[in-house]
Amino acid sequence: MREPKKWIEKLKLKNGDSMQIVNNPNNSITLSADARQEESTTYPEIKIKKTDSVESIKRKIISLYISGHNFIVLNSPRAKIETDVRSMVMKLIRTKFVGTEIIESDSESITIKVLTATPEMKLELAFNRMFKSTSNMFSETMHAIEKGDSEYAQEIVHMDDEIDRFSYYLTRNLVMALDDANILSALGLEKTSQAIGYKRIITCVERIADHITTIANVVVELGNAIRFAWFEVREIQSSGKWIEGEPYDVLHSLCKQYDSEIADELTDDIFQMFNGITFLWLRYDPNYTVWSKYTDEWYVENINKIFSKAIKIHK
């Protein structure tokens, strides 16, 4: 069997170099350079400039990680890497990446290595954990809102790190699976189209978690004021009075207790939120005029209106 010349030149292979042959589920084979040979190639490098913000450097590191690179090198030519950049890198590795550590570091450079070269669990299992964590975040956020507990809401904000860990880890494996049938099989998948489908779902779950985090952050800022905005909705729901205007009338009565002058407006806004805003946002579709206006920005703006009412009542 003769290997393609361009492929050999690209990997800088020589006579006597080790090769790996993997039998794929579809009866094809994958020919690749030995892992030890790959480690001797040039690593992707991020050159840090004075004009680069910490956030932009962070995005570059994440991009290389989810692209499947096992080594990432940060270099700051002729200048020391700032303390805030080093802190960001260490926090990123500790809270957002799986199986990653700093293997070399000096005043001008940092080398990051991903120790987990192949998936450690089936994709479905990892995704289910991510989904359950997101669902738990939502439940806990509702609890924090009802209790107006800003300290507990702060803990929920930190839960988003775990969702990001799953998201980056799964995305990294799916990206590598598109080029490596062996990884595709290790994830429990048979076709690359399945990897693309999972990637879209993972993005949606991560997006939901980000919105939950945004709400939790608002609870942290407003604390007990949020409780007034929601007006003990559980009591209304558990009353069973959902016919002929209920629970609207019950909600309206509660609003009057706080401010009779704005009771009508306040009731309408809150009732709309519970029965419409979230539903409309979930139906967002850019391909249809009717649903295209219910964007993330629209959703946040309308929720903030309710929070503004809460502040007014609280004061």
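Me: Why is His211 called buried?
Reply: In this predicted model, His211 has a relative accessibility of 13%. Buried means under 20%, so His211 counts as buried.

Me: Where does His211 sit in the chain?
Reply: His211 belongs to helix α8, which covers residues 192-222. The protein chain has 14 helices, along with six strands.

Me: How do you know that strands β5 and β6 pair?
Reply: Two strands pair if there are at least two bridges between them. Strand β5 (residues 100-105) and strand β6 (residues 109-114) are joined over five bridges, so they count as a pair. The sense of the pairing is antiparallel.

Me: What do β5 and β6 form, and how many residues lie between them?
Reply: They form a hairpin, with three residues between them.

Me: What share of the protein chain counts as buried?
Reply: Of its 315 residues, 37% count as buried. The accessible surface of the chain comes to about 19,200 Å², and 50% of that belongs to carbon and sulfur atoms.

Me: Among contacts with a separation of 6 or more, what share comes from residues 24 or more positions apart?
Reply: Such residues account for 62% of those contacts in the protein chain.

How values were computed
Residues are numbered from 1 along each chain as its sequence is written. This is a predicted model: local features need pLDDT of at least 70, side-chain atom pairs count only at pLDDT 80 or more; totals for chains, interfaces and linings use all residues. Side-chain values use heavy atoms; hydrogens and water are left out. Helices (H or I, at least four residues) and strands (E, at least two) are DSSP runs, numbered from the N terminus. Buried means under 20% relative accessible area, exposed over 50%, partly exposed in between (1.4 Å probe, protein chains only). Contact means heavy atoms within 4.5 Å. Accessible areas come from the Shrake-Rupley method with a 1.4 Å probe; for residues, only the protein chains shown count as cover.
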